[in-house]
Amino acid sequence: MSVLCLIANPAEPVLEPALIAAIHAETGGEINWLHRTIACEIIAPKSTDALSIAREAIGSAPIDAAVVDSENRRKGLLIADMDSTMINEECIDELADALGLKAEVAAITERAMNGELDFAEALATRVSLLTGLERRVIEAVRREKITLAPGGRALVQTMKAYGAYTALISGGFTFFADYFAKRIGFDEAVANVLEFDGETLTGTVAQPIVDKTTKLRRLEALAIERTLPMARTLAVGDGANDLDMIRAAGLGVALHAKPSVAAQAQVRIDHGDLTALLYLQGYEEDEIIR
């Protein structure tokens, strides 16, 4: 049985009963509000084209639509990307900014996340430009420039409260991933290790690197360890480095993703924050831990 989900950003709660009624008139099914003005689901729509009907009715309004399976809807495993997913920034770009190289590095990051460049080569090129950056500067960037993405802590804490295991898997760096995973509440973090010579960066990362294959393998390994079918796993990210795990997970979500990634994901969230992933699983507002 399918479920049509309609979700707005909590910062812009524009989901109106009139819109839901208009969509429901064409799709049929059972209306269930998860959070007034923010999230509503239509259970078992009779139309086979419910998603297209919803998107046409939504038009340019900042509302996301997705169809999910009602079976195994609540997931027992969350695998999440970090940069531009659980945090708002790309850490390597902010480090480059401290050296006056943000534009150069950000251009490479953008192309890598779009899948236009080999990830390993792009990572090596960018990290080499950071050679000599001092640890104290990196700590200042982490403290002053990096911000948590809205809804992330609610997503992780709620899923954990209902028995899920949560993992932050990043092609970025442990210097950030370990720190923010702890702040958000993840059970584990995996990321690349920046190499230092004393208190300054050598311009290299430890091998092997964390890439798209690492993310996919960790998803598969954790599902096995926790005896979960893949149908009960959830993966979220925004870049080409996340596509393999997004495709493999029971629910794969492209969150504010690069167009090439969003086009290939099972579900795309262009407007909502990370709590959208809870509404996709059928969590109601009074179940969400904030």
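Visitor: How many bridges join E6 to E7?

Guide: This is a predicted model, in which local features need pLDDT of at least 70 and side-chain atom pairs count only at pLDDT 80 or more, while totals for chains, interfaces and linings use all residues. Residues are numbered from 1 along each chain as its sequence is written, and side-chain values use heavy atoms, with hydrogens and water left out. Strands (E, at least two residues) and helices (H or I, at least four) are DSSP runs numbered from the N terminus, and two strands pair if DSSP finds at least two bridges between them. E6 and E7 run parallel, and the number of bridges that join them is four.

Visitor: Which residue in E7 is the bridge partner of alanine 167?

Guide: Alanine 167 belongs to E6, where it is the bridge partner of isoleucine 79. In E7, the bridge partner of alanine 167 is glutamate 188.

Visitor: Which strands stand at the edges of the sheet, each with a single partner strand?

Guide: Six strands form this open sheet with parallel pairing, and their order is E7-E6-E5-E10-E11-E12. Each edge strand has a single partner, so one of its sides is left without a neighbour in the sheet, and the two in that position are strand E7 (188–192) and strand E12 (267–269).

Visitor: What angle does the direction of helix H8 make with that of E6?

Guide: Strand E5 (residues 77–80) pairs with strand E6 (residues 165–173) in the parallel sense over four bridges, and leucine 77 stands opposite tyrosine 165 in E6. Helix H8 (residues 174–184) packs on the sheet and touches E6 and E7, contact being heavy atoms within 4.5 Å. Axes are lines fitted to C-alpha atoms, for helices over the stretch in contact, and angles run from 0 to 180 degrees between N-to-C directions. On that basis, the angle between H8 and E6 is about 155 degrees.

Visitor: How many of the nine residues of E6 are buried?

Guide: A residue is buried under 20% relative accessible area, exposed over 50%, and partly exposed in between, with a 1.4 Å probe and protein chains only. E6 is largely enclosed by the rest of the structure, because the number of its residues that are buried is nine of the nine.

Visitor: Which element supplies the largest share of the lining of the largest cavity?

Guide: A cavity is a set of points on a 1 Å grid over the protein atoms alone where a 1.4 Å probe fits but cannot get out, and lining residues have an atom within 4 Å of a point. The lining holds 18 residues, of which Asp83, Glu90, Met113, Gly171 and Gly172 lie nearest the centre. Helix H3 (91–97), helix H4 (102–113), helix H5 (119–128) and E6 each supply at least two of the lining residues. The largest share, four residues, comes from E6.

Visitor: What is the volume of the largest cavity?

Guide: A search of the whole structure finds one cavity of 30 Å³ or more. Grid points are joined across faces, edges and corners, and a volume is the space filled by probe spheres set on the points. Calculated in this way, the volume of the largest cavity is about 170 Å³.

Visitor: In the open sheet of four strands, which strands stand at the edges?

Guide: Here the pairing is antiparallel, and the order is E2-E3-E1-E4. One side of each edge strand is left without a neighbour in the sheet, because each has a single partner strand, and these two are strand E2 (30–35) and strand E4 (63–69).

Visitor: Which residue in E3 does cysteine 5 stand opposite?

Guide: Strand E1 (residues 2–8) and strand E3 (residues 39–43) pair in the antiparallel sense over five bridges. The residue in E3 that stands opposite cysteine 5 is glutamate 41.

Visitor: What distance separates the C-alpha atoms of valine 267 and valine 253?

Guide: Valine 267 has its place in strand E12, and at 3% relative accessibility it counts as buried. Leaving aside neighbours within four places in sequence, valine 267 is in contact with several residues, among them Ala66, Val253 and Leu280. Valine 253 is 14 residues apart from valine 267 along the chain, and the C-alpha separation is 4.8 Å.

Visitor: Where is the place of proline 208?

Guide: Most peptide bonds are trans. The bond from glutamine 207 to proline 208, however, is cis, with omega near -5 degrees. The place of proline 208 is in the loop between E9 and helix H9 (212–225).

Note on methods: On a 1 Å grid over the protein atoms alone, a cavity is a set of points where a 1.4 Å probe fits but cannot get out, and a pocket is an open set with protein on both sides within 12 Å along at least five of seven lines; lining residues have an atom within 4 Å of a point.
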